[in-house]
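Work through the exercises below with the sequence and the structure at hand. Each task is followed by its solution.

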Amino acid sequence: MTPSTYRWSGGSEAMLRFGPTTGPVVIAAMPLFEEANRTRSFIVAILRALAERGIGSALPDLPGTGDSLTETEHATLSNWQEAFSGCAMTLGRDRIHAFGVRGGTLLDATAAIASRYHFAPIDGNAVVRDLLRTRLAAAKEDGVPADAGTIAPPGPPITLAGNRISRQLLADLTVAAPSTVGPCRIARLDSDGRPGDVKFPGAPLWRRAEPGNDPALAVLIADDIAASIATCAA
Amino acid sequence: MLPDDIDQIDATVRAVLRDVLGLSQERVDAFRSETPLFGALPELDSMAVAGLLTELEERLGVLIEDDEVDGEMLETFGALVRFASGKAVG
């Protein structure tokens with residue numbers, strides 16, 4: 001695991017690099033907001049397993065997330081997509097593959113990549129719904145009324161599940177869906193009734209209050225990503 | 001509703017409680033209709049309720065409106081299964 005930086009149109013951000021620096025490379029996009037904390041060690045486990053299979057990867061901090069100096073409230077969906085594209089350009093390889101989890105699958109839409117691998121993808125509306133529901137539940141507990149209708153721009157950022165989020169980001173997410181252009185493989189959990197190319201046994205770590213990991217599932221997914229990259233190369 | 005459907009929903013609600021709250025399979029297997037949930041399970045706070053509802057929606061393919069959510073449906077395991085069954089056939 002090597003710390004590094006990448007450049008994008010709005011500045012530069014940190015990224016972690018795993019595995020070999022030649023050959024195909026995977027750029028990982030974590031789930032959005034609180035779900036990122038709950039799945040970080042799981043995603044790192046997948047990237048380490050990919051490294052053992054000879055596939056390098058990058059885990060970029062997006063503007064307003066991780067160690068970024070940008071405030072979360074200044075993050076926008078187009079910033080995130082441009083940063084993801086910038087990360088791909090910084091890596092400058094021929095064969096770049098996107099790996100997105102949950103809301104992270106919304107970020108690779110504009111990047112120059114050879115293929116997409118989406119695990120448990122959701123559309124942006126589901127991300128926003130989840131955030132609002134958390135606020136409604138917390139408000140109910142505190143006895144404070146919360147009005148889900150007052151999130152539209154313009155106006156100040158809104159605090160949802162511990163993040164100050166711009167109204168424009170919420171509005172853009174509401175209409176965003178994962179891109180399925182080009183070679184795209186969709187993986188889901190067995191418990192997920194929606195269609196997918198492959199289903200894996202496991203629990204949704206992004207729902208757990210305590211960050212967890214699932215090494216067995218991480219290996220299954222890494223094997224499947226490696227196989228789909230091999231198919232792309234063939 | 002067929003008994004098979006009810007068994008299926010019962011199993012789905014147990015699995016969602018296990019996965020969202022991080023409970024063991026043995027623990028959720030031991031839930032009976034009258035087993036108290038909200039207020040009795042320390043893992044089930046308001047944030048977990050939000051995750052629980054969303055996960056139920058995703059697995060049962062239903063939509064739960066926020067104004068349908070009250071203390072009663074989360075009072076016992078049986079009440080939650082009844083609520084989920086009502087949504088699944090509605």
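**Exercise 1.** Check whether the length of helix 5 (residues 215-233) of chain A agrees with its number of residues.

*Solution.* Helices are DSSP runs of H or I with at least four residues, numbered from the N terminus. The expected span is 1.5 Å times one less than the number of residues. For the 19 residues of helix 5 of chain A this gives 27 Å, and the end C-alpha atoms are 27 Å apart, so the two agree. The model is predicted: local features need pLDDT of at least 70, and side-chain atom pairs count only at pLDDT 80 or more. Residues are numbered from 1 along each chain, and chains are lettered from A.

**Exercise 2.** Decide whether A:Ala216 is buried or exposed.

*Solution.* Buried means under 20% relative accessible area, exposed over 50%, and partly exposed in between (1.4 Å probe, protein chains only). A:Ala216 lies in helix 5 of chain A. Its relative accessibility is 52%, so A:Ala216 counts as exposed. The buried residues of this helix include A:Leu217, A:Ala218 and A:Ile221.

**Exercise 3.** Describe how helix 1 of chain A packs against helix 5 of chain A.

*Solution.* The angle is about 50° and the axes are 8 Å apart. Therefore helix 1 of chain A is oblique to helix 5 of chain A (under 35 degrees is roughly parallel, over 145 roughly antiparallel, 65 to 115 roughly perpendicular, the rest oblique).

Notes:
Side-chain values use heavy atoms; hydrogens and water are left out. Helices (H or I, at least four residues) and strands (E, at least two) are DSSP runs, numbered from the N terminus. Axes are lines fitted to C-alpha atoms, for helices over the stretch in contact, and angles run from 0 to 180 degrees between N-to-C directions.
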